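This briefing concerns the structure shown below. It begins with the contact between the chains and then turns to the sheet, the backbone and the salt bridges.

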Amino acid sequence: MDFIALVNAKWSDRKVTVEDASQYSGERIHLVFENGQVKELDPPASKVFLGGG
Amino acid sequence: MRRQPRARLAGLWLACWAAASVASAAELTPKQQKVLDYLVANWGQDTAVTGIDLGMEIVGGDYSPDDRYALAAYLREHPEVHRVIRMFGWETVALTPDEKLIARQLSWADREGRPSPTAAELARAVGASPQAVAEGLQMLERFGIIRPDAGAGGVGYRMAKQAYVDWEGAMRITFMYHRVNVHGLKRLDTY
């Protein structure tokens, strides 16, 4: 279970901030999740893979 | 016949000296042990691969880069400590996010046969101050992840091992991070 699944399930009632970096450019990415949804994304053009099946 | 006992004695002495050297390099202070205890208790919970630097922040107290180095060296020599180390490598928890991004840039340049980036290029690419870049390079060299190379151009470093050039792949997160803050609950690095 990866952390995105945790954001959607176990932590869905929490605000979750993620500091990350693009796998391809190394550019820093800042995300904020609330209620399992992306509320903030910087830079805005970042693509976030939210999993699925 | 007379040479054999001396040779055996010399061999025994060398083995004892080598064992003592490894043991002394791997000893942790009580303060460092506290961080290790925290990390070992938390690694693997909720996909945590929490870095030593974040562990030191969470445990609290006056920790230095030397403390981080000592903990990383210990984990390098003791992968039996936790499955996270055996799966992802000691480097994954040893490096800060800045250091991982610096290492990525150097690794890509190395793989693509380009000159190493300059300090200014690294600061821009990584989004860090020139001082943070300089400190990051120093630590990466100290860990043996990069090596000085006068012919590299730029900051004058190349990756120290081919494994650090070809680090990407399934379950290989050496120079990656997801630093997560679950507000009011916990902070952790995840995979």
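The contact draws on 26 residues of chain B and 20 residues of chain A. The model is a predicted one. About 1800 Å² is buried between chain B and chain A, and carbon and sulfur atoms account for 49% of that area. An open sheet of 5 strands includes strands of both chains, in the order S3(A)-S2(A)-S1(A)-S3(B)-S4(B).

**Interface between chain B and chain A**

- On the side of chain B, the residues that lose the most area to chain A are Asp46(B), Tyr177(B) and His183(B), which together give 27% of what that side buries.
- The rule finds 2 salt bridges across the interface of chain B and chain A.
- A salt bridge joins Lys10(A) to Asp46(B), with 2.7 Å between the closest N and O atoms.
- Polar contacts across the interface of chain B and chain A number 11 residue pairs, with both residues at pLDDT 80 or more.
- Four elements of chain B give two or more residues to the side that touches chain A: helix H7 (97-111), helix H8 (119-126), strand S3 (179-182) and strand S4 (186-189).
- H7(B) supplies the largest share of that side, with 5 residues.
- By residue class, the side of chain B that touches chain A consists of 12 nonpolar, 8 polar and 6 charged residues.

**Sheet with strands of both chains**

- Strands of a sheet pair through backbone hydrogen bonds, in either a parallel or an antiparallel sense.
- In the open sheet of 5 strands, the pairing is antiparallel.
- Strand S3 (37-42) of chain A and S4 of chain B stand at the edges with a single partner strand each, so one side of each has no neighbour in the sheet.
- From one strand to the next, the twist averages 15°.
- Between the chains, strand S1 (residues 15-21) of chain A pairs with S3(B) in the antiparallel sense over 4 bridges.
- Within this pairing, Thr17(A) has Asn181(B) of S3(B) as its bridge partner, and Val16(A) stands opposite Val182(B) in S3(B).
- Within chain B, S3(B) and S4(B) run antiparallel and are joined by 4 bridges.
- Val182(B) has Lys186(B) of S4(B) as its bridge partner.
- S3(B) and S4(B) form a hairpin with 3 residues between them, and Gly184(B) in the turn has a positive phi of about 80°.

**Backbone features**

- Asp42(A) and Pro43(A) are joined by a cis peptide bond, with omega about 0°.
- Pro43(A) is placed in the segment after S3 of chain A.
- Asp46(B) is a residue other than glycine with a positive phi, near 50°.
- The position of Asp46(B) is in the loop between helix H2 (30-42) and helix H3 (52-59) of chain B.

**Salt bridges over all chains**

- Side chains of opposite charge can pair when their charged atoms come close.
- Over all chains, the structure holds 12 salt bridges.
- Lys31(B) and Asp67(B) form a salt bridge through their side chains, at 3.4 Å from N to O.
- Lys31(B) lies in helix H2 of chain B and Asp67(B) in helix H4 (residues 65-77) of chain B, so the pair ties together parts that are 36 residues apart in sequence.

Note on methods
Residues are numbered from 1 along each chain as its sequence is written. Chains are lettered from A and ligands numbered from 1 in the order in which they are written. This is a predicted model: local features need pLDDT of at least 70, side-chain atom pairs count only at pLDDT 80 or more; totals for chains, interfaces and linings use all residues. Side-chain values use heavy atoms; hydrogens and water are left out. Contact means heavy atoms within 4.5 Å. Buried area is the accessible area (1.4 Å probe) that two parts lose on being put together, summed over both. A salt bridge is a side-chain nitrogen of Lys or Arg within 4 Å of a carboxyl oxygen of Asp or Glu. A polar contact is a pair of N or O atoms within 3.5 Å; within protein, one must be able to donate a hydrogen and the other to accept it, and residues adjacent in sequence count only if both atoms are side-chain atoms. Ala, Val, Leu, Ile, Met, Phe, Trp, Tyr, Cys and Pro count as nonpolar, Asp, Glu, Lys and Arg as charged, and the others, Gly among them, as polar. Two strands pair if DSSP finds at least two bridges between them. Axes are lines fitted to C-alpha atoms, for helices over the stretch in contact, and angles run from 0 to 180 degrees between N-to-C directions.
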